[in-house]
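Subject: A structure for you to look at

Hello,

I am passing a structure on to you, with some notes to read beside it. Please open it first and then come back to the text below.

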Amino acid sequence: MSSRGSSSRITDEEINELVSKLQSLLPESRRRNIGRASASKLLKETCSYIKSLHRDVDDLSDRLSALMATMDANSPQADIIRSLLRS
Amino acid sequence: MKSSTRNPNPNPDTPRFGPSKLMVAFRFLRALTLVHRTAPNSSNAARSRRIQRAAFASMAYSAGPRRAWSRALLWRLHFHRARRLCAGRSRAAGVPRRPSTTRSPADELRRLVPGGTGMDYCSLLEETADYIRCLSEQVKLMQSVVDSGGPRGR
């Protein structure tokens, strides 16, 4: 973490705020794992979370691709949007 | 009818400043339709890569140019697309996967968040928060498409 001079408008407080905002974005299970973490631990957990999200996108892309193989040409997209709105 | 002049976002669940879930869903489904229509006989792997690109593209387009991560993603997608068209090679333009060596956690994060390299710590935290929000929404969206039985609907 670079410490800036007094001319910087970014305070430690703001950084702490951003760090706790990040922490609140982690899923419950990960938050519990790190507890009252240091910023460093939180960043590591955030990296791990992002990697798992990327893996999820990979995995879901594979599954969608497989589903698409069985798809017919004129599929109703409206159904999907409707069900998404309901969820 | 609710007046939505102040809040262009009809979905109350999304954060104030963020792409509406519906908009992302619409873009993604449209991209899926395109993938199916233009390459119905391609291999699963190739189609999967296209879907993955569509996922990141719809995320990035919906977030627009207001975010460094979305700008970086859009640039990356266009760059790789140009390379593919010129070189005729097929490459996944998703997020590059590199093995993590001994780097500081902040630097590791910089490599994971698009546009992160060279970013100052504060901006990095902000961009990461927004990126995580949009990325997790994208995952939920894809999951619900899979759950609804896929693009073939009911």
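Let me begin with chain A: 38% of its 87 residues count as buried, where buried means under 20% relative accessible area, exposed means over 50% and partly exposed lies in between (1.4 Å probe, protein chains only). Please keep in mind that this is a predicted model, in which local features need pLDDT of at least 70 and side-chain atom pairs count only at pLDDT 80 or more, while totals for chains, interfaces and linings use all residues. Residues are numbered from 1 along each chain as its sequence is written, chains are lettered from A and ligands numbered from 1 in the order in which they are written, and side-chain values use heavy atoms, with hydrogens and water left out.

The two chains in outline

Chain A has four helices and zero strands, so its elements read α-α-α-α from the N terminus on; helices (H or I, at least four residues) and strands (E, at least two) are DSSP runs, numbered from the N terminus. Chain B has five helices and zero strands, in the order α-α-α-α-α from the N terminus. Of the 154 residues in chain B, 51% are buried. Taking the contacts in chain B between residues at least 6 apart in sequence, 49% join residues at least 24 apart; contact here means heavy atoms within 4.5 Å.

Where the chains meet

How do the axes of helix α3 of chain A and helix α2 of chain B cross, and at what angle? Helix α3 (residues 39-69) of chain A and helix α2 (residues 44-63) of chain B have axes that come within 8 Å and cross at roughly 125 degrees. The axes are lines fitted to C-alpha atoms, for helices over the stretch in contact, and the angles run from 0 to 180 degrees between N-to-C directions. That angle makes α3(A) oblique to α2(B); angles under 35 degrees count as roughly parallel, over 145 as roughly antiparallel, 65 to 115 as roughly perpendicular and the rest as oblique. The crossing of α3(A) and α2(B) is right-handed, a term for the near helix being turned clockwise from the far one by less than a right angle, with anticlockwise giving left-handed.

On the α3(A) side, the residues in this contact include A:His54, A:Val57, A:Leu64 and A:Met68, and they meet residues of α2(B) including B:Arg47, B:Ile51 and B:Phe56. By class, the contact of α3(A) with α2(B) has eight nonpolar, six polar and three charged residues. Here Ala, Val, Leu, Ile, Met, Phe, Trp, Tyr, Cys and Pro count as nonpolar, Asp, Glu, Lys and Arg as charged, and the others, Gly among them, as polar.

Helix α4 (residues 105-112) of chain B also belongs in this part of the story. Six of the eight residues of α4(B) are buried, leaving the helix mostly covered. Those six are B:Pro105, B:Ala106, B:Glu108, B:Leu109, B:Arg110 and B:Leu112. They pack against α3 of chain A together with α5 (121-147) of chain B.

Within chain B

Helix α1 (residues 21-38) of chain B packs with α5(B) at an angle of about 55 degrees, their axes 11 Å apart. The two helices are therefore oblique to each other, and their crossing is right-handed. Among the residues that make the contact are B:Phe28, B:Leu29 and B:Leu32 of α1(B) and B:Leu141, B:Met142 and B:Val145 of α5(B). By class, this contact has eight nonpolar, one polar and two charged residues.

B:Val145 is buried, with a relative accessible area of 0%. Also in helix α5 of chain B is B:Ser123, which is partly exposed at a relative accessible area of 28%. From C-alpha to C-alpha, B:Ser123 and B:Ala68 lie 9.1 Å apart in space, though 55 residues separate them in sequence.

An aromatic pair

Over all chains, the structure holds two aromatic pairs. In one of them, the rings of B:Trp75 and B:Phe79 have centres 5.0 Å apart and planes at 5 degrees, so the pair is stacked. Rings of Phe, Tyr and Trp (its six-membered ring) pair if their centres lie within 6.5 Å, and planes under 30 degrees apart count as stacked, over 60 as edge-to-face and the rest as tilted. B:Trp75 and B:Phe79 are four residues apart in helix α3 (residues 68-87) of chain B, which puts about one helical turn between them. B:Trp75 is exposed, at 58% relative accessible area, whereas B:Phe79 is partly exposed at 37%.

Best wishes
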